[in-house]
Amino acid sequence: MKCVAEALLELLDGGERGAMATVVRASGSTPQQPGARMVLFPDGRTEGTVGGGAIEKAVVDALAQCIADGKPLLLARDLTRDLGMCCGGQMEVFVEPVEGTQRLFLFGAGHVARPTAAIARSLGFEVTVVDDRDDLNTEARFPGCRRVLAEPAEAAAELGLTERDFVLIVTHDHRLDEEALCACARRPHRYVGLIGSRRKILRILQRIEARRGLPPLDRVYAPVGLDIGAVSPEEIAVSICAELVALRHHRAAPHMRCLDHPSVRAALGRATEPT
């Protein structure tokens, strides 16, 4: 059986979001004292305890909500009045999210990818750069990043994408953009961003639809980045990373999604309201 510290390391190493509860105050007769901890994994497993019974059920429910929305909270309960326990004491339990390092996969090693990788790493992302051009995808251009020398379709099959991963497509070729979008959007992900004009994006989507059928687009953001009037590669990188931060904190505006652009829905023959 793991201890709480080992459970936290498992969460951090696995890049998942879990939640931890810590008893911060106890008065009267209580089943646990301050310092007692419990960790909830996204699959429902728990480690540690805050006392069992009705108080633990209330804490597990709060932990599950914390995993869902990423927001910490302070749970205060009178064990007898609120929960019907015979202990007679009061407990306060602090519940907080525990998140492993979030991963960003950059498809393309060009002029936008370079500053984007640097800013994303400063924001705590673990960055992987995918590009088969060994003269551009180098340690000197992308210090501290994992580098994969491969074309998009080949790399996507090997990256092990999860539903917490961010993908950004900024290649030098429309064919590669299409391959990357088609491959990555069909795999688990939290975000797929595609750079380019709306006209380019529409053409790519129409080609994919005609040739292979569209992948799920509900988490595809295109054109990529927040609209801050960015022009230079560095400014575009700022707009992209601002979008990643907005999503991280659940502040992304609905219109940022690809399917929420009326012109995209119309061109693809979608209904007026996105699903």
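How far is the sulfur of Cys182 from the closest cysteine sulfur, and in which residue does that sulfur lie? The distance is 9.7 Å, and the partner is Cys184. The legends below describe close-up views of a predicted model.

View 1. A pair would have to lie within 2.5 Å to be counted as a disulfide. The model's count is 0 disulfides. Cys182 is buried, because its relative accessibility is 4%. Cys66 is also buried, with a relative accessibility of 0%.

**View 2. The largest nonpolar core.** This core has 27 residues. Those that touch the most other members are Phe107, Val167, Ile169, Leu181, Cys184, Val192 and Leu194. At least two residues come from each of strand E6 (103–107), helix H4 (152–156), strand E9 (166–169), helix H5 (174–184), strand E10 (191–194) and helix H6 (198–211). H5 gives the largest share, 5 residues. Apart from this core lies another, of 23 residues, including Val112, Ala113, Ala117 and Leu168. In soluble globular proteins, nonpolar side chains tend to be buried together.

**View 3. Surroundings of Val192.** Once neighbours within four places in sequence are set aside, Val192 is in contact with Val167, Ile169, Leu181 and Cys184, among others. Val192 is among the residues that touch the most other members of the largest core, as are Val167, Ile169, Leu181 and Cys184.

View 4. The model has 1 cavity of 30 Å³ or more. About 70 Å³ of space lies in the largest cavity. Its lining includes Asp131, Asp132, Glu151 and His172. Gly108, Val130, Ala150, Pro152, Thr171 and Leu176 also line this cavity.

**View 5. Val245 in helix H7.** Val245 belongs to helix H7, which spans residues 233–248. With a relative accessible area of 27%, Val245 is partly exposed, because the buried class ends under 20% and the exposed class begins over 50%. Between Val245 and Leu63 there are 182 residues in sequence and 23 Å in space, C-alpha to C-alpha.

**View 6. Confidence along the chain.** The mean pLDDT of the chain is 87, with 91% of residues at 70 or more. Residues 271–275 have pLDDT below 50. Beyond near neighbours in sequence, that stretch has 8 contacts in the model.

Conventions: Residues numbered from 1 in each chain as written. Predicted model: local features only at pLDDT ≥ 70, side-chain atom pairs only at ≥ 80, totals over all residues. Heavy atoms only, no water. pLDDT = per-residue confidence, 0-100. Contact = heavy atoms within 4.5 Å. Helix = DSSP H or I, 4+ residues; strand = E, 2+ residues; numbered from the N terminus. Buried < 20%, exposed > 50% of the residue type's maximum accessible area, 1.4 Å probe, protein only. Core = buried A, V, L, I, M, F, W, Y, C linked by side-chain atoms within 4.5 Å. 1 Å grid on protein atoms, 1.4 Å probe; cavity = no way out; pocket = protein on both sides within 12 Å on 5 of 7 lines; lining within 4 Å. Points joined across faces, edges and corners; volume = space filled by probe spheres on them.
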